[in-house]
Amino acid sequence: MLSDNKQQAAMPVVRDPADFDKRSGNLLERLVFNNRRLFIALCLLVTVFLGLQIRHLEVNASFDKVIPQGHPYVQNYFENRARLGGLGNVVRVVVENPNGTIFDPAFLEKTKEINEALFLTPGVDRAWMKSVWMSSVRWTEVTEEGFRGGPVMPEVIDGSAKSIEEFKRNIRSAGLVGGLVGTDYKSLMFVVPLLEQDAASGKALSYGEFSRYVEENIRGKFEQPGKVKVHVIGFAKLVGDLIDGMHQVITYFGIAAAVAALVIYVYTRCVRSTVLVLACSCVAVAWLLGIIRLMGYYIDPYSMLVPFLVFAIGVSHAVQKMNGIMQDIGRGTHKYVAARYTFRRLFLAGFTALLADTVGFGVLMVIDIPVIKDLALTASIGVALLIFTNLLLLPVLLSHVGVSPSAVARSLAKDKAAHDGRGAGALWLKLEHFTQRGWALGAIAVATVLTVVGFVISLGVKIGDLDPGAPELRADSRYNQDANFIRSHYRLSNDQFVVIVKTKDEMCSDYRVLRETENLTWTLRQVPGVQSANAMSDNVLNLVAGLQEGNPKWLSTVRNPTLLGAASQWTMTDNPELVDPACSTIPVFAYLADHKAETLKGVVQAVEKFAAEHDSQDLKFLLAAGPAGIEAVTNIVVEKANRLMLLYVYAAVIVLCYVTFRSWRAVLVAVIPLVITSILCEALMALLGIGIKVSTLPVIALGVGIGVDYALYLLSVQLQMQRAGMPLGQAYRHAMEFTGKVVALVGVTLAAGVVTWAWSPIKFQADMGILLTFMFLWNMVGALVLIPALSHFLLRTEADQPVRSPAQAPRKAGRPVQVAAASHNQR
């Protein structure tokens, strides 16, 4: 065939490397392959150096890193965090008496010991810790002589009926039922705010160590079956559980790697090339982990996916190189020359694909969440490293070791069978039908219907978490069981939304300030999803009424500055968490039924509307603090960044494809299947109840990157053959036999590897596994089916025109269709 003859003329069979012109090829090829041993030695030294750094790599997370620090609402939180202790990273520990009440003397003694243990736990912000055992938690009541009050826990609690009765009365007077005391009087809550940095060492709090400390020294030490049960929730405990789950996750990564090794070996039946493919991908991962350590970063539950993605992408590119070398060796070319030939054919396509992947991850930097920016940076570095390990190092190593003779013989037999339409060749012949008009129309029609239906379904995809509790973990996890218990026995949920009321110093007792705070509290109580709301104004109202012998007529904000001043001063003394010492910052607490996106959005809209109507020069209502407030802002940033991220990813992919193909038609052929993948992915998320959030955004971007890899490898060869004069059908079949079959192999391999994640104890990783499996398979189908179908309408050349007799030829020749192919140096 004409194209084969041209290709063989450009890259003839060379059995003896002495007959090969080592001065041929581009500068990079000559620099690497003419100095192979030196290049391998340098890679070995880098591997040893960076491998040693992995020993010091830490696994941790940071509360501040998972929130959008540049958003004005979060900046409000940072600016006032020192004034409002305990409104950010808080752990709640609930101690339950399963077969009794909190008034059991033995149980009370246990809770006292737990209180002391929590107070001394490293990383606790002790000044803001709250429980019935803390002297800062006080009760107040009105008597004929005025107010009377004191700490909720009596000075003497000896188990006698008198002391227990006094304790009960103090709880009722302080209004702690549903707050620090369970509604059924069977449990007590300990509110434990955390410091982001250790005050002594200055190091960031290790959530893994904190979680283990709580498990060993609180739950492990004090929990007793039938007598004492400990429930723990909060960001630090959640991250600690995720870190513990990462050990099992590593097992799933190992399974995925084993599946990849098995599939590649079954395809090649060559141990040496299979080992090299996996080894080069592992080298890239080792380099990445070492660089992460040198940069001062750590692995967190959100970025733990990156090493596997780098490995998976590396395997995808490495198999293409191995397949090309095996085919050249099968034709009789020496392994050294075969490696250089494959480098010439596929380096540009591989480099462009990896560059597209790098840019795809890099655009995640537009998302103003530090953990996403760190993930984007490390993933971009990891993919860039594959240029050295899988595009350069692997061909160099294969130029030394080659492939086994039995593998070569098997490859030749398979290629001959495929050429004759037997075995896999029968499938290539069927796929070749999609280059014909009828089949192409059918494929495009089906894709159009799927896209329209998928788009309609994707309109239902939500932003943020859609499940109660911690959606990062399974519903039956210990953490979510604890969250369910606390939610059903306490009115003050962990989904705490805080609005910051800001005024001038010493103005918190001003009538207008308290009146507007009261109005905001009332407004929040009317919002769907808000269980309760309270603020300093509630305490002031009760105290003013108490000063008037408890007359309910006084349960309203009065204009008397003396009464308001006295009540405010009492509140600052007994409830310091309700106002700062400067009397200028008042938190308004809203406790939500859940942290679903609709609930958070409703609260934000209500506060924004209230602020727009009531803000003044001396009084501001600021969003947002508290776990739910921070999550609401995160949802706002994610929703805004989602479309912007996809826009940037596609813009980068389009530019890179155009630089590679030099044809806008070819760009359309490559990009249209990717767009369909993105739409169908969001439709799948809507059907499975997976929201768009911090953990799923990178997966959406990855779908575009992996898909363009397939298109670049397949289209590069197809366009090269068309440029050589081959008709579209034959060109596509040739591309399938050379790179397309590996596209199918890689798609199945990666899907088989990540589908095991569906059984992970970490739910968001299970969600990632499902989405990645879908995208790996659909991108493969899109590349194998839609590329030939779209090519029929966009990439046909003169070779595809029907042959006409001279009598049928038109008097004026029409302008031929131009198809630009990727330029490869084939000297």
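Two strands are taken to pair if DSSP finds at least two bridges between them. Helices (H or I, at least four residues) and strands (E, at least two) are DSSP runs, numbered from the N terminus. The model is predicted: local features need pLDDT of at least 70, side-chain atom pairs count only at pLDDT 80 or more, and totals for chains, interfaces and linings use all residues. Residues are numbered from 1 along each chain as its sequence is written, and side-chain values use heavy atoms, with hydrogens and water left out.

An open sheet is formed by 3 strands in the order β4-β1-β5, with antiparallel pairing. From one strand to the next, the twist averages 20°. Strand β1 (residues 90-96) runs antiparallel to β4 and is joined to β4 by 7 bridges. Among the bridged residues, glutamate 96 has serine 187 of β4 as its partner.

Helix α7 (residues 207-222) lies across β1 and β5 and runs at about 165° to β5. Helix α8 (residues 235-268) also touches β1 and β5, and its direction makes about 95° with that of β5. Axes are lines fitted to C-alpha atoms, for helices over the stretch in contact, and angles run from 0 to 180 degrees between N-to-C directions.

Helices α11 (residues 335-362) and α12 (residues 370-401) pack at an angle of about 175°, their axes being 10 Å apart. The angle makes α11 roughly antiparallel to α12 (under 35 degrees is roughly parallel, over 145 roughly antiparallel, 65 to 115 roughly perpendicular, and the rest oblique). Their contact comprises 18 nonpolar, 6 polar and 2 charged residues; Ala, Val, Leu, Ile, Met, Phe, Trp, Tyr, Cys and Pro count as nonpolar, Asp, Glu, Lys and Arg as charged, and the others, Gly among them, as polar.

Helix α22 (residues 664-688) bends by about 25° at valine 671, and proline 673 follows within four residues. The bend is the angle between axes fitted to the seven residues ending at a residue and the seven starting there. Glycine 689, with a positive phi near 70°, follows α22.

Two backbone features remain. The peptide bond from leucine 623 to alanine 624 is cis, with omega near 0°, and alanine 624 is found in strand β9 (residues 619-625). Cysteine 583, a residue other than glycine, has a positive phi near 60°; cysteine 583 lies in the loop between α19 (561-574) and β8 (585-592).

Key: Expected span 1.5 Å × (residues − 1). Contact = heavy atoms within 4.5 Å.
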